[in-house]
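The entries below follow the order in which I looked.

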Amino acid sequence: MSHKKKNPRNTSGMIFESIVCDVLRKCEMRFDGPKSKGIDFKLLDFGIGIDAKGQIGEGTDFEGWPLKVWKHSKEIKKVVIVNRLPYNYLKRRSYLDIKKMIHELGGEIVHIDDFKNWLLELKGREPEPFF
């Protein structure tokens, strides 16, 4: 009987999703998720999909963020990527290019350290139901 080893990236991703979930709860947001496929969380009162990206460096997952936003923007009003990239990545040209692409697709990137304040600001707006 073979035993498959768990992919450490999947484990770290699940840990990061739980961090994002805790912040959503603390901010008393109505949400659905986490989901194992597609968008991780849906903010039910605002038509926003949240996708938690827990990697700590650039790579193919990072480069796929704009595709994720484009793919799900057909069914969701706005897709927001919550990331935990170290701050030294946030000023790199590659990150800024990805951020610009996502913005042009109607999405947004929010760093985990800014996520709680972003949610609190969102709560002050008029709700836009998800469906």
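**Entry 1: the cores.** I began with the largest nonpolar core, which has 22 residues, and found that V20, L24, L43, I50, F115, W118 and L119 touch the most other members. By nonpolar core I mean a set of buried Ala, Val, Leu, Ile, Met, Phe, Trp, Tyr and Cys residues joined through side-chain atoms within 4.5 Å. Buried stands for under 20% relative accessible area, exposed for over 50% and partly exposed for values in between, with a 1.4 Å probe and protein chains only. I then noted that α1 (8-26), β2, β3, β4 and α5 each supply at least two residues of this core. Another core, of 14 residues, lies apart from it and includes I39, L90, Y95 and I102. In soluble globular proteins, nonpolar side chains tend to be buried together.

**Entry 2: what I am reading from.** This is a predicted model, in which local features need pLDDT of at least 70 and side-chain atom pairs count only at pLDDT 80 or more, while totals for chains, interfaces and linings use all residues. Residues are numbered from 1 along each chain as its sequence is written, and side-chain values use heavy atoms, with hydrogens and water left out.

**Entry 3: the chain as a whole.** I counted off five helices and five strands, and from the N terminus on they run α-β-β-β-α-α-β-α-β-α. Helices (H or I, at least four residues) and strands (E, at least two) are DSSP runs, numbered from the N terminus. Buried residues make up 40% of the 131 residues in the chain. Among contacts (heavy atoms within 4.5 Å) between residues at least 6 apart in sequence, 67% join residues at least 24 apart.

**Entry 4: the sheet.** In what order do the five strands stand in the sheet? I read the order as β1-β2-β3-β4-β5, in an open sheet with mixed pairing, where two strands pair if DSSP finds at least two bridges between them. β1 (31-32) and β5 (108-111) stand at the edges, each with a single partner strand, so one side of each is left without a neighbour in the sheet.

I followed β4 on both sides. β3 and β4 pair in the parallel sense over six bridges, and K53 stands opposite N83 in β4. Four bridges join β4 (residues 78-83) to β5, again in parallel; here N83 stands opposite H111, and V82 has V110 as its bridge partner. β4 is mostly covered, with five of its six residues buried.

**Entry 5: helices on the sheet.** Helix α4 (residues 93-104) lies across β4 and β5 and runs at about 130° to β5. Helix α5 (residues 112-123) packs on the sheet, where it touches β2 (41-43), β3 (48-53), β4 and β5, and its direction makes about 120° with that of β5. For these angles, axes are lines fitted to C-alpha atoms, for helices over the stretch in contact, and angles run from 0 to 180 degrees between N-to-C directions.

Entry 6: In α3 (residues 65-72) I found W65, P66, K68, V69 and H72 buried. Seen down the axis of α3, these fall within an arc of 160°, so they line one face of the helix; the arc is that of the directions from the helix axis to the C-beta atoms. On the other side of α3, L67 and K71 are exposed.

In α4 the buried residues are Y95, I98 and I102, and they fall within an arc of 65° down its axis, so they too line one face. R93, K100, H103 and E104 are exposed on the other side of α4. After α4 comes G106, whose phi is positive, near 90°.

**Entry 7: loop details.** Which peptide bond did I note as cis? It is the one from G33 to P34, with omega near 5°. G33 lies in the loop between β1 and β2 and is partly exposed, with a relative accessible area of 27%. Not counting residues up to four places away in sequence, G33 touches D40 and F41.

Last, I looked at E28, in the loop between α1 and β1. Phi of E28 is near 55°, a positive value in a residue other than glycine, and E28 is exposed, with a relative accessible area of 64%.
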